[in-house]
There are 2 protein chains.
Amino acid sequence: MSIPSNIEIARTAKMKRITAVAETLGISEEAVIPYGHTKAKLDLEKLDLKARPDGKLILVTAITPTPAGEGKTTTTIGLNDALNRIGKRSLATLREPSLGPCFGIKGGAAGGGHAQVVPMEDINLHFTGDFHAITSANNLLAALIDNHINWGNALGLDTRRITWRRCLDMNDRALRSIVSSLGGPANGYPREDGFDITVASEVMAILCLASDLKDLERRLAQIVIGKNREGRFVTAGDLNAAGAMAVLLKDAMLPNLVQSLENNPVLIHGGPFANIAHGCNSLIATRTALKLADYVVTEAGFGADLGAEKFFNIKCRKAGLKPDVAVLVATVRALKFHGGMERADLSKVNIEALSKGAANLQRHIGNLRKFGVPVVVAINHFAGDSDGEIAKLIEIAESFGCVAHVCKGWAEGGKGAVSLAEAVVAECDKAAADFKPLYPDHLPLIEKVRVVAREIYGAADIAADVSVRQAFSDLELAGFGRLPVCMAKTQYSFSTDAKLRGAPEGHVVKLREVRLSAGAEFVVVIAGDIMTMPGLPRVPAANGIGLNKDGQIEGLF
Amino acid sequence: MSIPSNIEIARTAKMKRITAVAETLGISEEAVIPYGHTKAKLDLEKLDLKARPDGKLILVTAITPTPAGEGKTTTTIGLNDALNRIGKRSLATLREPSLGPCFGIKGGAAGGGHAQVVPMEDINLHFTGDFHAITSANNLLAALIDNHINWGNALGLDTRRITWRRCLDMNDRALRSIVSSLGGPANGYPREDGFDITVASEVMAILCLASDLKDLERRLAQIVIGKNREGRFVTAGDLNAAGAMAVLLKDAMLPNLVQSLENNPVLIHGGPFANIAHGCNSLIATRTALKLADYVVTEAGFGADLGAEKFFNIKCRKAGLKPDVAVLVATVRALKFHGGMERADLSKVNIEALSKGAANLQRHIGNLRKFGVPVVVAINHFAGDSDGEIAKLIEIAESFGCVAHVCKGWAEGGKGAVSLAEAVVAECDKAAADFKPLYPDHLPLIEKVRVVAREIYGAADIAADVSVRQAFSDLELAGFGRLPVCMAKTQYSFSTDAKLRGAPEGHVVKLREVRLSAGAEFVVVIAGDIMTMPGLPRVPAANGIGLNKDGQIEGLF
């Protein structure tokens, strides 16, 4: 018996018209801007949601990722389907996947098995064009920078210190580092430059944190694109670029409505990187969802040390969001990996490795509670999991003061996550959450980093060269001291060493570099090798992707 | 009294729902794939048009362009509105405008005044995402090329002879010439590279000439991306790229439906450059329109020496289209410019200059007749035109055996083009057309160029260095000898000297370079400076573009 692929399951979906999906949320056809019959953007002006009360906000996060896979998105969708199944008006909000990686090795990012969002091919490729709009806005700014230099450089830009890079939604290592403007005077002044993948563009982070078009334009104007010859920051506003960029992003600012395989509504909007950005869907989508539904299930990238920390310290802080509960996704296999088992052995029952690896779970539970948010553990079920291991994991979670429920969203859809949904509702009903960010705005930047390293990563301390310390001081002097920090480090460990599994402690987090995202309004602190433009593998997925004789897409996942 | 801008007029439009516009063509809602409420793609499978007869095909082309402006698109839209006004089922098909130039100096490309297509902001910016899809497909192929080289270069690609360039829909001179893959082994092998604007990508030309998805994939596989170390052509098919590229272009292959200010349906689809490509809307749109309407008004880029010649010799030849009539757009001002007046003086009445400049009109009329297509002259009316000049121009056209009618589409919409529409219908009713391409497939490539130069440009001959002659021979040896040629020369003169107005003759057309577009299935012959990546001006339009307080776009045109 062969297990059907995600795309095969997705293709059997009986999708409702998107207007009918919208109707389940009380949205009239007038407020639905269709993109085909099964995708839409929501016309926020016509919705007029301001007066409505907010629903409960549920963050789905995970233990430290492993090669075994955790299934955070699958759990998010399964939980949302389950909440709807038990009669709650629930809405999931997710990040949009990036097109480029689909042609490399990555599978889609629209869930899996029977917990998927559809139409999955569209969602994973061009969708409603949001990322293309971001690419255009990013590259318009880049073109305006070089054009300004070409025509006399009145702002005195130092071409060695331009930090704004071009972008494409494509895995293309050849573009990481280039020299541009070659070929003579007609083509401008040669300089070193490079491309990031679109999800790594600051424009993406800005779109996801802006509260409305006005705030978008304000943030775009704040973007620091480099320095002038006096060493002062030059902004997109100095280049009169923000208005035109906002025009390009006007439609992209509206959240996208799609549906799960069980026809429950899902908002998918924005997809910032989870290392050099904050890694969760747009604020607009989250706010819209809170007005439209009684329960909103959202998701943050990577493990809770990165994704949840940023969700809380960056997004919730700035937007005044108050999460009600965190769902921490764990798997038996991943915890056994954290307990020291090798990947090839993970199918073997091993209670000891599971118990040992649970230290990772424990650390994340403790971390989430530091934000005043109660935790429910979701055990994402894999086919080979033994009953004994599952029982043990539930027992372990209980010993940490958490309820744990098995989630079979992949195999069963919402039906497989009903007990999890009931536990989440029960936790929300307790109203025990008392959200607060981990550090105050006024703390010096380096101290903010120290708090995250100690409290979240379990580090003994941080270490930073003079140049990094100087960069923090410079930013504080320039008025950016009140911004939150956005940590960029490996997602595979609490430490900066991807090989340290479980819950390492006593390590030192070495800070390598500091980057200002003045429009996104955070300071990126880099503690590891951060790749902002992926490459393609030796045999790229693209080689096997094509249209079959019925015009259907084959080989995408 | 201030004259309202195009965007102001467009904003007052009372747009119909796109489903209602489709209904006027007998298209059911099921076959309409909406993109918002006023744009749609047509679901060709659901339309099932095969059995229907074809309507009449009307090509709108123009005299040699001048700085005075001719108004070809305005005439096309006005004529289509007029045909509908006199009770004909008529459908216009146009090219999609490019996003990048909107931020430079160029106005929009959706007509003007009261002869516009709406929603003009959308059409001029992201529209339905077709160009973004083309950008993605183009750049996926580029990434696959460098990835192939990075992982061992099994095909033995000669990195000095890769001709496939990356693209962006942005005016960005800094990207014309770059060195890529810098920064060490992780980023591949450094080589010279560059970006074209998306409309100059061969993928655009392919999309516009492909008859269906299968033909699209076949053509994509044929793309020659460069040579291997033995000097043999390497194709996109050799890199297994065509399937994934076709997947990215799947939706982009469907024609887009919008409406004129008078709510008449217009198909806008594809937009290849008119120099290194063939410069007219997609074959799919034209064929669909011919099935949906009794009259199809379409348009070709630049003057008739380039646009109409390519429309006939490339598009009609390959697709078996049989144009019924050509509408040749002329203006009093432009002909006076051709007659030797300077731009600043064009408002002055000058019958002599008009008569002299009419040599340009005469040449184009004669050229069009060489294809067996009857000609109707459209005099696009400008505010300052004197009645005497108009009368003279009608008289001149008559002396060339053509009826000429004033078209006031800009000022009056369809009402201003009724007599033109009636003349076009009368010409179609005569069924006098007997279309044939200018040269047979079997003629050697260089002889095809000679025929175009002599018969269309009025040249004495062509001239070509050994290298160019060798390039032609190489292509014939490689099996590409039966392709049509696609001439790339200045649009401002019949000669290769942009300053030679009127109807120069006896000149020699010097061929500089030959490029193979194996997927588009034509051979580009370059006889001039061809810019495939525009730059931005000193004060780019972007500086003045933004959203007003109602969220409307300002400053776009």
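This is a predicted model: local features need pLDDT of at least 70, side-chain atom pairs count only at pLDDT 80 or more; totals for chains, interfaces and linings use all residues.
## Relation of the two chains

Two copies of a chain are related by a rotation about an axis and a shift along it. In this model, chain B is superposed on chain A by a rotation of 180° with 0.0 Å of shift along the axis, and the RMSD is 0.0 Å. The two copies are therefore related as by a two-fold rotation axis. Within chain B, the C-alpha nearest that axis belongs to B:Tyr35, at 2.2 Å from it.

The contact surfaces agree with one another. Of the interface residues of chain B, 100% are also interface residues in chain A, so the copies meet through the same surface.

## The interface between chain B and chain A

The contact brings together 65 residues of chain B and 65 residues of chain A. About 5,700 Å² of area is buried between the two chains, and carbon and sulfur atoms give 62% of that area.

The rule finds 29 residue pairs in polar contact across the interface of chain B and chain A, with both residues at pLDDT 80 or more. On the side of chain B that touches chain A, the elements giving two or more residues are the strands β1 (32–34), β8 (166–168), β9 (178–180) and β25 (546–547), together with the helices α6 (130–150), α8 (213–222) and α9 (242–249), each of chain B. Helix α6(B) provides the largest share of this side, with 10 residues. By class, the residues on this side of chain B comprise 34 nonpolar, 20 polar and 11 charged.

## Salt bridges around A:Arg166

Over all chains, a search of the whole structure finds 69 salt bridges. One of them lies within chain A, where the side chains of A:Arg166 and A:Asp193 meet with an N to O distance of 2.4 Å. This pair links distant parts of the chain: A:Arg166 is in strand β8 (residues 166–168) of chain A and A:Asp193 is in strand β10 (residues 191–193) of chain A, 27 residues apart.

Across the interface of chain B and chain A, the rule finds 4 salt bridges. A:Arg166 takes part here as well: it forms a salt bridge with B:Asp172, and the closest N and O atoms of this pair are 2.9 Å apart.

## Domains of chain A

The domain assignment divides chain A into domain 1 (6–129 + 256–429), domain 2 (130–251) and domain 3 (445–527). The centres of domain 1 and domain 3 of chain A, taken over C-alpha atoms, are separated by 27 Å. Their contact takes 28 residues from domain 1 and 26 residues from domain 3.

About 2,200 Å² of area is buried between domain 1 and domain 3 of chain A, with carbon and sulfur atoms giving 60% of it. Three residues, A:Ile276, A:Asp305 and A:Arg363, supply 26% of the area that domain 1 buries against domain 3, more than any other three residues. Across this interface the rule finds 12 residue pairs in polar contact, both at pLDDT 80 or more. The elements that give two or more residues to the domain 1 side are the helices α11 (307–319), α12 (332–338) and α13 (351–370) of chain A. That side has 11 nonpolar, 9 polar and 8 charged residues.

Salt bridges are also present here, and the rule finds 4 of them across the interface of domain 1 and domain 3 of chain A. Elsewhere in the description of chain A, A:Glu342 forms a salt bridge with A:Arg501, in which the closest N and O atoms are 3.3 Å apart.

## Local backbone features

A cis peptide bond joins A:Val118 and A:Pro119, with omega of about 5°. A:Pro119 is placed in the loop between β6 (115–118) and α5 (120–124) of chain A. Chain B has a cis peptide bond from B:Val118 to B:Pro119, with omega near 5°, and B:Pro119 is found in the loop between β6 (115–118) and α5 (120–124) of chain B.

A further feature concerns A:Ala431. This residue is not a glycine, yet it has a positive phi of about 50°. A:Ala431 is in the loop between α16 (418–430) and α17 (445–455) of chain A.

Key: Residues are numbered from 1 along each chain as its sequence is written. Chains are lettered from A and ligands numbered from 1 in the order in which they are written. Side-chain values use heavy atoms; hydrogens and water are left out. Contact means heavy atoms within 4.5 Å. Buried area is the accessible area (1.4 Å probe) that two parts lose on being put together, summed over both. A polar contact is a pair of N or O atoms within 3.5 Å; within protein, one must be able to donate a hydrogen and the other to accept it, and residues adjacent in sequence count only if both atoms are side-chain atoms. Helices (H or I, at least four residues) and strands (E, at least two) are DSSP runs, numbered from the N terminus. Ala, Val, Leu, Ile, Met, Phe, Trp, Tyr, Cys and Pro count as nonpolar, Asp, Glu, Lys and Arg as charged, and the others, Gly among them, as polar. Copies are superposed by least squares on the C-alpha atoms of residues with pLDDT of at least 70 in both. Domain bounds come from an automatic or database domain assignment.
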